[in-house]
Amino acid sequence: MARRNGNDRGLGFGRCGVGFALHLPFRYDEEKRYVRGDEDLEPTQMTLTYDEMTKRLSKAIDKLQEIPAQSDRAGRIAVAHAALELSRECVEAWLVLAQEAGDDPEKVRSYLEEALQAGDRLFEEKRESWLGRFGQLPQTRAYMQARAALAQVLWDMGDHDRAISTLFESLELNEKDPLSMRYLLLKALQDKQDFEALDRLLKMYESDTSTTFSYARLLCAFALYGDSLPARSAFLQAKKVNPHVLDFLLGLRVMPNKLPKTLNPGDESEAIRYTAAFGDAWLDTDNAIEYLRAQKKKRTEKEAQRAKR
């Protein structure tokens, strides 16, 4: 198995790319019902409550409805700035600016950090009562998208510790993880070889038996405990979920020049995509490939002996 170029080891959104769909939420009124209306804005220097901020935010969201009609970048940027004049807590407007600055990593990072700060201000009152539901509630989706995008950008810019902490914090906000950020974090921790933190993540998602998580459990168990019962058990489970991964990791099968367009769980297409994304972590972990080879040989011999009986 050939090692990937170190400069291409991003987390999945593309290098400093902000790859998400922009969802414009409805306003939330005083009675906590989704409505649309035209309340007047009343500028104030005082700290605003959540309900007061959402009144202003609703105007900004209405302004952003003009985005699809803009045919050029300058027009979209102008609409986003106009929305921010109405509400600095408009996370969606900051995301528009981040998208339009896609060729400038520093600007992308700056706008995404503004988006997070806007969301932090907006949801400060609700954080405790909404804990565990962020990303599921419509008004929090853009905030969680910003978190995922910022983590990718931070990683690509080399700020790995902050990228990891951003992802862990995001999963604490919603462990159900509707944006699948746990897979970004899984890759980040393996690339960084932080197996104690990886073990923490794996325990958070013990019910995830996907190929990605199954082989992560195997790598983590071997890195932490060596040839042990946890590692051997994890090997059997990973092999059961997708045995083709072993052949690609061990170089028994040659990786294709192009990744398959479709992925079917348990088959070769999934094994190829897994190896492309996570193969370097196995190469970087001392004796991990040798351990796989030894385990595969041992299991093959046992299966041959059973067949003779």
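Figure 1. Arginine 182 is buried, at a relative accessible area of 15%, where buried means under 20% relative accessible area, exposed over 50%, and partly exposed in between (1.4 Å probe, protein chains only). The model is predicted: local features need pLDDT of at least 70, side-chain atom pairs count only at pLDDT 80 or more, and totals for chains, interfaces and linings use all residues. Residues are numbered from 1 along each chain as its sequence is written, and side-chain values use heavy atoms, with hydrogens and water left out. Aspartate 208 and arginine 182 meet through their side chains in a salt bridge of 3.2 Å, N to O; the term stands for a side-chain nitrogen of Lys or Arg within 4 Å of a carboxyl oxygen of Asp or Glu. This pair links distant parts of the chain, 26 residues apart, with arginine 182 in helix H8 (residues 181-192) and aspartate 208 in the loop between helix H9 (195-204) and helix H10 (211-225). Helices (H or I, at least four residues) and strands (E, at least two) are DSSP runs, numbered from the N terminus. Aspartate 208 counts as buried because its relative accessibility is 10%. Arginine 182 also forms a salt bridge with aspartate 177, with 3.0 Å between the closest N and O atoms.

Figure 2. Aspartate 177 has a positive phi of about 55 degrees although it is not a glycine. Its place is the loop between helix H7 (160-173) and H8. With a relative accessible area of 4%, aspartate 177 is buried. Glutamine 193, also not a glycine, has a positive phi of about 60 degrees. Glutamine 193 is located in the loop between H8 and H9, and it counts as partly exposed because its relative accessibility is 26%.

**Figure 3. The salt bridge between glutamate 100 and arginine 76.** The closest N and O atoms of glutamate 100 and arginine 76 are 2.7 Å apart in this salt bridge. Glutamate 100 lies in helix H3 (residues 91-100) and arginine 76 in helix H2 (residues 73-86), so the pair ties together parts that are 24 residues apart in sequence. Glutamate 100 counts as buried at 15% relative accessibility, whereas arginine 76 counts as partly exposed at 22%. A search of the whole structure finds 17 salt bridges.

Figure 4. Glu52, Asp120, Glu124 and Glu125 gather in a negative patch on the surface. Patches are made of residues with over 30% relative accessible area and no salt bridge, like charges being joined within 9 Å and nonpolar side chains (Val, Leu, Ile, Met, Phe, Trp, Tyr) within 5 Å. Accessible areas come from the Shrake-Rupley method with a 1.4 Å probe, and for residues only the protein chains shown count as cover. Lys and Arg count as positive and Asp and Glu as negative, while His and the chain ends are not counted; the place of a charge is taken as NZ of Lys, CZ of Arg, CG of Asp or CD of Glu. Glutamate 52 belongs to helix H1 (residues 50-64) and counts as partly exposed, at 37% relative accessibility. Threonine 49 lies in the loop between strand E2 (34-35) and H1, and is partly exposed at 33% relative accessibility. Threonine 49 and glutamate 125 are 76 residues apart in sequence, with 7.7 Å from C-alpha to C-alpha.

**Figure 5. A patch of positive charge at arginine 309.** Lys298, Lys302, Arg306 and Arg309 form a positive surface patch. Arginine 309 is in the segment after helix H14 (288-308). Because its relative accessibility is 79%, arginine 309 counts as exposed.

**Figure 6. Glycine 266 and proline 243.** The two residues are 23 residues apart in sequence, and 7.6 Å separates them in space, C-alpha to C-alpha. Glycine 266 is part of the loop between helix H12 (244-249) and helix H13 (268-284). Its relative accessible area is 24%, so glycine 266 is partly exposed.

Figure 7. Cysteine 90 is buried, with 0% relative accessible area. Cysteine 220 is buried as well, at 2%. The count of disulfides comes to zero, a disulfide being a pair of cysteine sulfur atoms within 2.5 Å.
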